[in-house]
Amino acid sequence: MQLSANGISIEVQDEGASGAEPLLLIMGLGMQLIAWPAGFVESLLRKGFRVIRFDNRDVGLSQSFDGFGVPNVALDVFKYALGMHPRSAYTLADMADDAAGVLASLGVPSAHVLGVSMGGMVAQRLALRHRERVKSLTLMMTSSGARHLPGPSMKVRAAMLWRPTQPADMAAIVAYYVRLYRLIGSPGYPSPDAEIAQRVEGWVRRSYRPAANLRQLMAIAADGNRSAELRRLIVATHVVHGRDDVLVPAQAGHDLARKITGATLEIIDGMGHDLPEALWPRFVRGIEAIAARSTQLVQRGRQGLAADRI
């Protein structure tokens, strides 16, 4: 369904009982809401969550920002290397406001939040800008944006920026993404090429906006380092990272957990930059645990407040 959120049109999928604990899922760079594996979503629904997914602005069926054109990536990367903030069509803060707007449009005062990759960065901004909207955070394969952290290898960077030579040819597009996801995926939990190809074809048939990837990439670069702000953030947080992530190396997970007060950290051997089926039960347990912890913290806070009033 289409909702108006933060002044733009956002495509939203809302599943589960209206009275269940809401869980907002925020996807990564250029990825649509259907990139969340159906079986993973079903696992969350069985655990009693109300699962809310949405297409980030500029991707999927949400409002396009094609009018802003294609960023000059080479120039913007040069600016970033010099410590400058590249110009971007929109910011991660705008995208966080979109997420808050989705909850507001659905009449959901607050939710547990799961963000992966860029979605984890948007989730951080959401918690920093709209603390009252966030019950707990689960941050997967993401980063604080600190400049000292290692980044992807040149091979991975090149693969992220390369585009199919035949941009209108479905087979060429699918082949490109199969190679990319094989490169950044989980070496300990590999997915068959045919399975990846089937998923990618479904994504492309629903919506294909390659320029949006570059605009979102510039939004990440423009947002910069969130470290100082994260140190002041008080919210129950669970950080999950793959030890074998070649896109966002595991040092980013360690760094992020250190910077958020009380955050728990789970580093998973064999996991790369994806959501392999074999790890879904482990992911769900972590989400459940941090959601329960956030509820306990709220209850303790209320008990403390009541004691102060006596």
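1. Asp 66 lies in the loop between strand 4 (49-54) and helix 2 (73-81); helices (H or I, at least four residues) and strands (E, at least two) are DSSP runs, numbered from the N terminus. The model is predicted, so local features need pLDDT of at least 70 and side-chain atom pairs count only at pLDDT 80 or more, while totals for chains, interfaces and linings use all residues. Residues are numbered from 1 along each chain as its sequence is written, and side-chain values use heavy atoms, with hydrogens and water left out.

2. Asp 66 is partly exposed, at 45% relative accessibility (buried means under 20% relative accessible area, exposed over 50%, partly exposed in between; 1.4 Å probe, protein chains only). Leaving aside residues up to four places away in sequence, Asp 66 touches Asp 58 and Arg 215 (contact: heavy atoms within 4.5 Å). Asp 66 and Arg 215 are 149 residues apart in sequence, yet their C-alpha atoms are 9.2 Å apart.

3. The structure holds 18 salt bridges (a side-chain nitrogen of Lys or Arg within 4 Å of a carboxyl oxygen of Asp or Glu). One of them joins Arg 50 and Asp 14, at 2.7 Å from N to O. This pair links strand 4 with strand 2 (residues 8-15), 36 residues apart. Arg 50 is buried at 10%, whereas Asp 14 is partly exposed at 27%.

4. Asp 193 and Arg 182 form a salt bridge, with closest N and O atoms 2.5 Å apart. Asp 193 belongs to helix 7 (residues 193-206) and Arg 182 to helix 6 (residues 170-184).

5. Arg 125, Asp 223, Arg 226 and Glu 229 are linked in a salt-bridge network.
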